[in-house]
Amino acid sequence: MKDDKTTQNGTNRRKFLKMGLLSGATTVAGASLLANLTSEEELKASGDKIRVLTPDGKMVEVDAESINNYPEAHITSEESRKGIPGRKFVMVIDLAKCKNARNCVESCQKAHHLDYNEEFLKIQLIQDHEQADPYWFPKPCYHCDEPPCVTVCPTGATFKRDDGIVLVDNDRCIGCKFCITSCPYSARQFHWSHKSKFDNTDLPYSPETSVPGTEGTVMKCDFCPDMLRQGKLPHCASSCPMGVIYFGDKNEDMVTNGEETVRFSELINDRGGYRHLEHLGTKPNVYYLPPVNRQFPLERGFDVDEDIIERYKDVPYVQDMKEKGKI
Amino acid sequence: MNIALRKKELVKEFSPLLLKPSKWAKIWIGILVGLILWGLIAFVIQVVKGHEVTGMRDNVVWGIYIINFIFFVCLSYSGAFISGVLHFFKTPWKNSVSRIVEIITVVSLIIGPIFILLCIGRLDRLHYLFLYPRIQSPITWDIIAIITDLIGCFIYLYLTFIPDFAILRDNSEGLPKWRKKLYTFLAIGYRDTSTQRKRLHKITRIMSAMIIALAIVAYTVLAWIFSLTLQPGWNSTIFAPYFIVAGLYSGIGVIIIAMYLIRKYFKLEHYIRKVHFIGAGVILLIISLLFGYFTFSEYFSRWFSHKIHDANLLDTLFNRYFWEFVFANYIGVLVPIVILFFKKFRTIKSITFAAIVAVLGLWLNRYLIVVPTLETPYIPIQDTRPEFVHYSATWIEWALSFAGVAAFVLFFMLLMRLVPIIPMSGIIDYEREGKVRPSELTQQQQQQ
């Protein structure tokens with residue numbers, strides 16, 4: 001169904017993909033990819049050549065085969081510290097459209113091999129003050145420009161990349177949990193025990209995929225750099241049926257939710273975009289559009305499993321609703 | 001006065017402490033070893049099964065391990081601080097308590113960091129701290145501070161031990177051979193000549209000043225682990241001095257408790273007298289007033305200005321942790337103040353009771369600094385499985401905590417077997433200065 005939509009709004013989506021391909025995959029296709037290619041002798045040349053732009057601005061011709069091969073290329077811990085050149089990733093979440101459908105949570109869990117109870121992205125039920133109605137509030141990692149978690153890390157296991165993404169290297173993390181306590185947004189989680197899924201080594205570990213996990217280390221939302229390198233949206237953004245989550249590049253001043261592509265600056269300025277807890281000075285890269293002209297009544301968000309509703313039992317509004325027997 | 005003879009007398013007097021473990025001491029050592037073994041079992045389980053066996057979860061990621069860590073490390077720093085002050089200012093009655101303080105300092109500085117290791121998810125990667133150090137992390141500062149402090153305290157403790165090692169070496173008739181060898185080795189050729197004595201006094205004095213400074217630095221860095229974060233209950237400008245005062249509070253408390261137990265079980269009433277308890281009690285009174293003042297300032301300013309996140313934290317403290325809050329911050333402060341303020345209440349037993357209340361209250365105060373803050377983050381805890389919301393320590397954590405306390409007591413007892421708990425050299429120095437009165441000779445002589 002989404003594919004149909006994509007063809008309808010083809011230009012937008014294609015534009016994003018095209019741009020992603022051109023400046024995302026292609027830029028990295030420079031040094032690291034070419035080095036990769038030479039080492040992999042099995043690779044057959046197709047004969048078709050494609051021009052790509054290297055990080056230092058040179059046009060080079062590479063085999064078309066290698067471009068397709070790129071997504072599977074393994075990004076090592078070393079490479080993942082650099083980031084995707086020329087990019088500055090940013091997310092905009094439109095609170096007016098969120099109805100706690102939880103597709104973002106589930107697709108994220110699937111992509112990062114998380115358990116049912118582990119969420120990189122949580123949906124909060126927030127009430128700004130007594131007069132205001134509560135609203136659903138998706139909360140990923142904010143990938144701050146002044147990340148307190150990175151400052152306090154004693155080994156450099158968590159780091160800020162040039163493209164704005166904050167990642168965790170599970171091979172470096174000693175599990176001191178200082179980053180978890182220093183994050184004011186509670187964005188980080190911990191691998192409390194060993195799980196059989198960690199033994200699955202089909203895919204070699206990369207901080208860009210956060211898979212497989214490692215016992216005794218920290219995990220969090222990673223903005224899906226593996227998808228970004230392919231010019232695709234993070235799983236949460238692409239799976240949202242309401243198009244709540246816009247994702248894009250601040251340098252290009254463009255964000256998309258997969259259906260429409262808009263100017264980031266216009267979106268923020270026209271619709272009063274803000275960052276949560278701005279006064280903390282962490283400078284998040286996740287922006288919110290206020291929940292005005294809401295598309296769904298709040299109650300639609302309670303159309304979920306009983307145990308999910310239980311997770312909001314401490315919210316005064318939910319207690320109220322329960323008393324009235326509405327939930 | 002014949003100094004050599006006096007040394008012999010003193011060794012004779014204190015040798016029962018060094019040699020024969022009484023029946024009760026053996027039972028105690030047995031219990032302590034049992035507790036430590038229980039803790040070791042818990043530790044093995046935690047290593048094998050992972051941190052899942054603790055009560056720590058995604059929101060409250062630090063539990064009673066870090067509370068014990070702060071507690072013991074603060075104890076150590078305050079010991080260093082007090083000991084340094086006693087030495088540096090040549091406090092008149094310091095001799096009977098100075099060794100107790102020094103041993104507390106070193107033993108708790110060994111136990112404390114073990115607890116922070118228990119918080120670490122990947123102990124096998126501990127060397128990464130040195131392989132990939134990042135100097136802007138407060139944890140790195142803390143590691144540097146603790147290691148420096150540990151080395152400084154060891155040197156200091158050793159310096160204060162040297163004259164006693166020499167006395168024991170020279171008067172070791174009746175001691176086993178290995179002990180004689182050990183004392184000879186540890187005394188490093190100290191012959192108590194006046195040049196050596198002067199030099200040792202000078203070095204000890206310099207070290208005592210240095211460990212005061214070290215203790216303040218290390219304390220501060222420890223407090224910064226919390227106060228440099230953005231969390232509502234931690235991000236406080238007064239945390240560093242608050243921790244220093246809190247550390248002194250627990251430090252004096254533990255010293256009084258140790259004084260009481262040692263006096264009682266080793267029958268040292270002649271050396272550890274009421275005047276020591278009253279002196280320590282008055283200091284505890286001053287510190288408890290200061291501690292109460294800091295605690296009040298900390299919570300009062302949060303309550304009065306009631307920023308939303310501060311208000312949420314106080315809401316947690318006053319509801320979910322009501323009794324803990326009352327015990328830690330009312331009873332734990334006011335009871336010692338009342339007992340110690342009135343002269344007629346100042347008996348050895350009541351002062352010790354006040355110290356126990358103070359120490360327990362302070363431990364709970366640390367708990368209230370760590371856990372409720374983590375349970376009340378900026379963004380309320382929602383969309384989380386219910387068992388991840390609140391913290392309660394599991395038996396694994398308690399077993400390891402008690403093992404830590406047991407190890408503290410056991411190390412203390414073992415060190416007491418190595419050198420007399422009352423520094424003999426201090427007594428000699430005191431008598432050498434001619435300040436002694438006949439009534440203040442050894443306990444044995446008095447009894448004769």
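1. Let me start with β3 and β13 of chain A. In this predicted model, strand β3(A), residues 89-94, runs parallel to β13(A), and four bridges join the two.

2. As a reminder, strands of a sheet pair through backbone hydrogen bonds, in either a parallel or an antiparallel way.

3. Chain A also has a hairpin to look at. Strands β1(A), residues 49-53, and β2(A), residues 59-63, run antiparallel and are joined by five bridges. Here A:Val52 has A:Val60 of β2(A) as its bridge partner. Five residues lie between the two strands, and in this hairpin A:Gly57 adopts a positive phi near 90°.

4. Two backbone details in chain A deserve a check by eye. Most residues other than glycine have a negative phi, and most peptide bonds are trans. Against that background, A:Asn100 is not a glycine, yet its phi is positive, at about 55°. You will find A:Asn100 in the loop between β3(A) and α5(A), the latter covering residues 103-111. The other detail is the peptide bond from A:Val211 to A:Pro212, which is cis, with omega near -10°. A:Pro212 belongs to the loop that links β8(A), residues 188-190, and β9(A), residues 218-220.

5. Over in chain B, have a look at how α3(B), residues 64-88, packs on α9(B). Their axes are 7 Å apart and the angle is about 80°, so the two helices are roughly perpendicular to each other. On the α3(B) side, the contact residues are B:Phe71, B:Cys74, B:Leu75, B:Tyr77, B:Ser78, B:Gly79, B:Phe81 and B:Ile82. The α9(B) side brings B:Phe243, B:Ala246, B:Gly247, B:Leu248, B:Ser250, B:Gly251 and B:Val254. By class, that gives ten nonpolar residues, five polar ones and no charged ones.

6. Helix α9(B), residues 239-265, also meets α4(B), residues 95-119: the axes come within 10 Å and cross at roughly 120°. These two are therefore oblique to each other, and the crossing is right-handed. From α4(B) the contact takes B:Val97, B:Ile100, B:Val101 and B:Ile104. From α9(B) it takes B:Val254, B:Ile255, B:Ala258, B:Met259 and B:Ile262. The residues here are nine nonpolar, with no polar and no charged ones. Note that B:Val254 takes part in the contact with α4(B) and also in the contact with α3(B).

7. How many residues of each chain take part in the A-B contact? It involves 35 residues of chain B and 41 of chain A. On the chain B side, α5(B), residues 128-131, and α6(B), residues 138-170, each supply at least two residues. The largest share, three residues, comes from α6(B). Sorted by class, that side of chain B has 16 nonpolar, eleven polar and eight charged residues.

8. The model scores ipTM 0.88 and pTM 0.86. Chain B averages a pLDDT of 89, with 96% of its residues scoring at least 70. Within chain B, confidence is highest in α13(B), residues 348-375, at a mean of 95, and lowest in α16(B), residues 443-447, at 51. Chain A has a mean pLDDT of 84, and 83% of its residues reach 70 or more.

9. Where pLDDT is low, the predicted coordinates should not be read in detail.

Notes: Residues are numbered from 1 along each chain as its sequence is written. Chains are lettered from A and ligands numbered from 1 in the order in which they are written. This is a predicted model: local features need pLDDT of at least 70, side-chain atom pairs count only at pLDDT 80 or more; totals for chains, interfaces and linings use all residues. pLDDT is the predictor's confidence in each residue, from 0 to 100. Two residues are in contact if their C-beta atoms, placed from the backbone, lie within 7 Å. Ala, Val, Leu, Ile, Met, Phe, Trp, Tyr, Cys and Pro count as nonpolar, Asp, Glu, Lys and Arg as charged, and the others, Gly among them, as polar. Axes are lines fitted to C-alpha atoms, for helices over the stretch in contact, and angles run from 0 to 180 degrees between N-to-C directions. Angles under 35 degrees count as roughly parallel, over 145 as roughly antiparallel, 65 to 115 as roughly perpendicular and the rest as oblique. A crossing is left-handed if the near helix is turned anticlockwise from the far one by less than a right angle, and right-handed if clockwise. Two strands pair if DSSP finds at least two bridges between them.
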